[in-house]
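Me: I would like to go through the labels attached to this structure and the cut-offs behind them. Please set each value against its definition.

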Amino acid sequence: MQDSDILNLFFEWGQLRRIHHEGWKVIGVTHPESVAEHNLRAAQIGFLLAKLENYPNPYEVCTMVVFHDIGEARIGDIHKLAARYIKADEEGATREQLAPLKEIGDHIFRLWSQVEYPNNRAGAIAKDADLLEQAVMAKEYIDRGYEAARHWIDNIAESLQTETAKRLLETLKRTKSYQWCLSKKGD
């Protein structure tokens with residue numbers, strides 16, 4: 001592994017700041033958040049979910065979520081409708097992307113795999129963090145007038161695995177995204 005391989009990967013991951021979540025454009029959102037913005041809040045949610053679920057290593061879950069979309073630096077973000085017609089090999093792109101890192105790349109790929117194919121508690125919590133972040137984003141869009149974003153919130157419940165994420169999703173439905181700042185108005 002050469003320093004140039006590592007730096008090239010850093011630059012490639014920087015692409016995630018320029019790739020936007022495309023699915024929101026289908027409902028009319030002109031400037032949706034970037035994949036990098038999504039990843040930051042999803043990782044933060046992952047850490048907190050792990051703590052609330054009494055998972056002993058919230059750092060592991062947070063790290064999984066940080067790496068869960070790195071393949072999109074190569075393939076972009078393909079929304080659900082487009083995915084019916086376009087088959088992208090995100091796994092292959094991620095493997096190839098990480099290959100120059102050798103053992104470290106293998107470790108990152110295992111973290112990525114646990115979110116994409118959750119088969120343990122950490123992976124389930126990480127996947128819930130990814131989904132819950134998108135539900136939170138949907139709620140923000142609903143509160144900005146994009147009512148069609150409600151569809152995402154309604155459909156996510158069947159995919160969530162942790163009790164904490166399920167409970168938070170139910171509360172999300174009754175919460176305004178701007179409520180946090182209104183409660184500080186008198187401060």
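Me: Why is Leu81 called partly exposed?

Reply: Leu81 has 42% relative accessibility. Buried means under 20% relative accessible area, exposed means over 50%, and partly exposed is what lies in between, with a 1.4 Å probe and protein chains only. Leu81 therefore counts as partly exposed. The model is predicted, so local features need pLDDT of at least 70 and side-chain atom pairs count only at pLDDT 80 or more, while totals for chains, interfaces and linings use all residues. Residues are numbered from 1 along each chain as its sequence is written, and side-chain values use heavy atoms, with hydrogens and water left out.

Me: Where does Leu81 lie, and in which nonpolar surface patch does Leu81 take part?

Reply: Leu81 lies in helix H6, residues 80-83. Helices are DSSP runs (H or I, at least four residues), numbered from the N terminus. Together with Val26, Tyr85 and Ile86, Leu81 makes a nonpolar surface patch of about 430 Å². Patch residues have over 30% relative accessible area and no salt bridge, and nonpolar side chains (Val, Leu, Ile, Met, Phe, Trp, Tyr) are joined within 5 Å. A salt bridge is a side-chain nitrogen of Lys or Arg within 4 Å of a carboxyl oxygen of Asp or Glu. Accessible areas come from the Shrake-Rupley method with a 1.4 Å probe, and for residues the cover is limited to the protein chains shown.

Me: How far apart in space are Leu81 and Glu96?

Reply: Their C-alpha atoms are 26 Å apart, at a sequence separation of 15 residues.

Me: What is the C-alpha separation of Gln114 and Ala126?

Reply: Gln114 and Ala126 are 12 residues apart along the chain, and their C-alpha atoms are separated by 8.1 Å.

Me: Why is Gln114 called buried?

Reply: Gln114 has a relative accessible area of 16%, so it is buried. Gln114 is found in helix H8. Leaving aside residues up to four places away in sequence, Gln114 touches Glu60, Met64, Asn120, Ala122 and Gly123. Contact means heavy atoms within 4.5 Å.

Me: Which residues of H4 are buried, and against which helices do they pack?

Reply: Pro58, Val61, Met64, Val65 and Phe67 are buried in H4. The buried residues of H4 pack against H1, H3, H8 and H9.

Me: What makes a nonpolar core, and which residues touch the most other members of the largest one?

Reply: A nonpolar core is a set of buried Ala, Val, Leu, Ile, Met, Phe, Trp, Tyr and Cys residues joined through side-chain atoms within 4.5 Å. The largest core has 44 residues, of which Ile70, Leu98 and Leu169 touch the most other members. H9 gives the largest share of this core, 11 residues. Among the contacts of Ile70, not counting residues up to four places away in sequence, are Trp13, Leu98 and Trp112.

Me: How many disulfides are there?

Reply: A disulfide is a pair of cysteine sulfur atoms within 2.5 Å, and the count by this rule is 0 disulfides. As for accessibility, Cys62 has a relative accessible area of 21%, so Cys62 is partly exposed. Cys181, at 32%, is also partly exposed.

Me: What is noted about the phi angles of Asn54 and Lys102?

Reply: Asn54 has a positive phi near 60 degrees and is not a glycine. Lys102, also not a glycine, has a positive phi of about 55 degrees. Asn54 is in the loop between H3 and H4, and Lys102 is in the loop between helix H7 (90-98) and H8.

How values were computed:
Helix = DSSP H or I, 4+ residues; strand = E, 2+ residues; numbered from the N terminus. Patch = residues over 30% accessible without salt bridge, like charges linked within 9 Å, V, L, I, M, F, W, Y side chains within 5 Å.
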